[in-house]
Amino acid sequence: LIAGKWPMLILAALAETPMRNGALMRRIGGISQKMLTQTLRELERNGLIVREDHGSVPPHVEYRLSPLGRTLAGALVELDRWAERNFPVLDAARDRFNARERRR
């Protein structure tokens, strides 16, 4: 559910503030409208985000993290910090592995 690129970026964006569809599209460069819609629906279906339709004309729909989504966003921040702290170690391990593979 969250391992893909788009769910992670959407959750990170919504962790900062609720957003409308257009704001999410601008914030998450490269995502198509179709993929944004599909991902938002899947996150809503699983209780991670809340879709709020203000019932106005023109339509005003806003997305925000649910309480469950907020707990996940916190965990993702920790995961991101771990990756940043350990990137040099991971990079060195990859280099050692690649060097061994080239010698085979």
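Which side chains meet in a salt bridge at 2.9 Å, N to O? They are those of Glu78 and Arg81. A salt bridge here is a side-chain nitrogen of Lys or Arg within 4 Å of a carboxyl oxygen of Asp or Glu.

The model is a predicted one, in which local features need pLDDT of at least 70 and side-chain atom pairs count only at pLDDT 80 or more, while totals for chains, interfaces and linings use all residues. Residues are numbered from 1 along each chain as its sequence is written, and side-chain values use heavy atoms, with hydrogens and water left out.

Glu78 and Arg81 are 3 residues apart in helix H4, and therefore separated by about one helical turn. Helices (H or I, at least four residues) and strands (E, at least two) are DSSP runs, numbered from the N terminus. Glu78 is partly exposed, at a relative accessible area of 43%, and Arg81 is partly exposed, with a relative accessible area of 43%. On this scale buried means under 20% relative accessible area, exposed over 50%, and partly exposed in between, using a 1.4 Å probe and protein chains only.

The structure holds 5 salt bridges. Another of them joins the side chains of Glu42 and Arg45, at 3.0 Å, N to O. Both residues belong to helix H3 (residues 33-45), where they lie 3 residues apart, about one turn of the helix. Glu42 is partly exposed, at 33% relative accessible area, whereas Arg45 is exposed, at 64%.

Glu101 and Arg104 also meet through their side chains in a salt bridge, at 3.4 Å, N to O. Glu101 counts as partly exposed at 34% relative accessibility, and Arg104 as exposed at 76%.

Helix H4 also takes part in the largest pocket, which has a volume of about 280 Å³. On a 1 Å grid over the protein atoms alone, a cavity is a set of points where a 1.4 Å probe fits but cannot get out, and a pocket is an open set with protein on both sides within 12 Å along at least five of seven lines; lining residues have an atom within 4 Å of a point. Grid points are joined across faces, edges and corners, and a volume is the space filled by probe spheres set on the points.

The lining of the largest pocket consists of 14 residues, with Met8, Ala12, Leu76, Val77 and Asp80 nearest its centre. Helix H1 (5-16) and helix H4 (67-103) are the elements that give two or more residues to this lining. H4 gives the most, with 7 residues. By type, the lining has 9 nonpolar residues, no polar ones and 5 charged. Ala, Val, Leu, Ile, Met, Phe, Trp, Tyr, Cys and Pro count as nonpolar, Asp, Glu, Lys and Arg as charged, and the others, Gly among them, as polar.
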